[in-house]
Amino acid sequence: SSILYMEVGSALPLDLIRIALQVPEGLWVGEQRGLRNSLEIELPPGKYMVNVAQPKPARIAVSRDRCLDFSVLLRATPVSPDAKADAKEVADAEAAASG
């Protein structure tokens with residue numbers, strides 16, 4: 001397994017961005033702290049869907065199209081030294097199953 005750290009940030013308060021991770025059990029949503037939204041979770045090897053979204057500001061009555069400036073950071077850190085070997089085994093098993 002690995003520790004996955006995901007973070008999104010924006011430069012302006014009206015441009016708050018949220019990050020979430022879809023797992024078989026449901027949706028894990030990041031924690032908002034100022035202009036940064038982050039999530040840290042331990043995951044087994046597999047394929048996961050990352051969602052990046054902008055919540056609608058509650059105080060703005062008029063919706064306007066505009067550019068959005070934000071950053072995304074994703075980092076996976078193996079829990080065990082054998083994580084690379086485990087990931088290769090999973091990839092080899094998936095390749096064998098599909099071919």
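## A tour of charged pairs and a nonpolar core

Start by selecting arginine 33 and glutamate 31: they form a salt bridge, and their closest N and O atoms are 3.0 Å apart. A salt bridge here is a side-chain nitrogen of Lys or Arg within 4 Å of a carboxyl oxygen of Asp or Glu. You are looking at a predicted model, where local features need pLDDT of at least 70, side-chain atom pairs count only at pLDDT 80 or more, and totals for chains, interfaces and linings use all residues. Residues are numbered from 1 along each chain as its sequence is written, and side-chain values use heavy atoms, leaving out hydrogens and water.

Arginine 33 is exposed at 53% relative accessibility, while glutamate 31 is partly exposed at 43%. (Buried means under 20% relative accessible area, exposed over 50%, partly exposed in between, with a 1.4 Å probe and protein chains only.)

The count comes to 2 salt bridges. For the other stop, select arginine 36 and glutamate 7, whose closest N and O atoms are 3.7 Å apart. This pair links distant parts of the chain, 29 residues apart: arginine 36 sits in strand S5 (residues 36–43) and glutamate 7 in strand S1 (residues 2–10). Strands are DSSP runs of E, at least two residues, numbered from the N terminus.

Now select the 10 residues of the largest nonpolar core, including Leu4, Ile19 and Ile41. Such a core is a set of buried Ala, Val, Leu, Ile, Met, Phe, Trp, Tyr and Cys residues joined through side-chain atoms within 4.5 Å. S1, strand S2 (18–23) and S5 each supply at least two of its residues.

Methods
Helix = DSSP H or I, 4+ residues; strand = E, 2+ residues; numbered from the N terminus.
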